[in-house]
Amino acid sequence: MRETETRARGAYVERFGGEPEVVASAPGRVNLIGEHTDYNGGFVLPCAIDRRIAVAAGCDGDEVLYSADFGEARPLRREDDSWAKYPRGVLWALGEDGHDAGGFRAALAGDVPRASGLSSSAAIEAATVLALDALFGFGLDKKTLARICQRAENEYVGVGSGIMDQYASLLCEAGSALLIDCRSLEAESVPLDLEGAGLSLVVCDTRVERGLADTGYNDRRAACERAAETLGVQALRDATEGDLERLSGEELRRARHIVTENARVIRAADSLRAKDFEVFGHLMYASHESMRDDYEISTPELDAFVETARKNGAPGARLTGAGFGGCAIALMPSGSTGTLAEACLRAFADRGFERPEFYEFVAAAGAEVVG
Ligand code: GLA
């Protein structure tokens, strides 16, 4: 068992005084390329990270959720705006889908940074749904479980996200990225051999509250829908570069990002298969520029990280996730993360930005039942 899984199990034993019947865990994710394309029926290429949330669960006893990280217990069947809304949302969405889980109790423990854009909420949902699937013997496949988690997020938690985060958390494989076609919901693992290429995946959490994330996210979605309507296509996935001539202003800028980003994801997956990280890196920079100039979801902090990474020899860097704050990623020559972090700390301090956090992640396994 991993450390988080051992902690969840230990918290269960300590809190409830018996062994859990199931322990499951699920990772956070970073998206390598393909931003805001998921709700446009397009392509994304995330990988799971080696930070997880574990859920230890059992059927007997009180219906209580206990978080070892927050050191608090909350009733399973009540509504409040806390960490407990994610497992509750999963229970609700399972029921809506016709899978009635009985009562249960669970202890949770995790090490996915919260509110950073690394999908800690998808990790809780994925770990919970997998634990409940095992506990009640539903026998659902991981794609179905991911859709149930997305429903929990959209309709119970009330965040209008696409399918990427839940798919990534459930379906990613160690050492691979996951190419997802968000229309057909087909997913294919693509080897991500960073170590073999002498590279590391560095994540910079700019610590900028993603305050605008909700409104900005919904505005972008709405603009994409308007652009698709103007073009007479079902979604921007179906638009071509030639179609862009028929758009102007905001619709043009948003649609241009989506159309070019989808093309970049396909090329990026090909370059990963060919182990061509130079091409992959160029695509990352191009993706960032498109998000900065056309989709307008970057911030001065995210731009500063990408520029500093470029100056310090990164083959590629870009903001990752919804934008408006949160995290950016860079591919760095192995062993040079410290140099990049120092250069960034100076650049951020000079400009009066918050002190950022840095992480180095490896592409880890998706959600698993481990005990
Ligand atoms: C958030 C959402 C995802 C996706 C990204 C942007 O992470 O949860 O569904 O839309 O933003 O690519």
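**From one residue to the whole chain**

Mentor: R264 is found in helix α7, which covers residues 249-273, where helices (H or I, at least four residues) and strands (E, at least two) are DSSP runs numbered from the N terminus. This is a predicted model, in which local features need pLDDT of at least 70 and side-chain atom pairs count only at pLDDT 80 or more, while totals for chains, interfaces and linings use all residues. Residues are numbered from 1 along each chain as its sequence is written, and side-chain values use heavy atoms, with hydrogens and water left out.

Trainee: Is R264 buried or exposed?

Mentor: Buried means under 20% relative accessible area, exposed means over 50%, and partly exposed lies in between (1.4 Å probe, protein chains only). R264 has a relative accessibility of 10%, so the residue counts as buried.

Trainee: With which side chain does the side chain of R264 make a polar contact?

Mentor: A polar contact is a pair of N or O atoms within 3.5 Å; within protein, one must be able to donate a hydrogen and the other to accept it, and residues adjacent in sequence count only if both atoms are side-chain atoms. Contact in general means heavy atoms within 4.5 Å, and, leaving aside neighbours within four places in sequence, R264 is in contact with residues including I33, H257 and L283. The polar contact of its side chain, at 3.2 Å, is with the side chain of S290.

Trainee: Which residue has its backbone nitrogen 3.1 Å from a polar atom of the side chain of T299?

Mentor: T299 sits in the loop between α8 (277-295) and α9 (300-311), and its relative accessibility is 10%, so T299 counts as buried. Not counting residues up to four places away in sequence, T299 touches F324 and G325. The backbone nitrogen that lies 3.1 Å from its side chain belongs to L302.

Trainee: What separates the C-alpha atoms of V306 and T128?

Mentor: V306 lies in helix α9 and is buried, with a relative accessible area of 2%. T128 is 178 residues from V306 along the chain, and the separation of their C-alpha atoms is 35 Å.

Trainee: How much of the accessible area that the ligand has on its own does the protein cover?

Mentor: An oxygen atom of the ligand is 2.7 Å from a polar backbone atom of H36, and polar side-chain atoms of D165 and Y217 each lie 2.6 Å from an oxygen atom of the ligand. Accessible areas come from the Shrake-Rupley method with a 1.4 Å probe, and for residues only the protein chains shown count as cover. Of the 310 Å² that the ligand has on its own, the protein covers 92%.

Trainee: What radius of gyration does the protein chain have?

Mentor: The protein chain holds ten helices and twelve strands, and 59% of its 371 residues count as buried. The radius of gyration is taken over C-alpha atoms, and the globule rule is 2.2 Å times the number of residues to the power 0.38. For 371 residues a compact globule would come near 21 Å, which agrees with the value for the protein chain, 20 Å.
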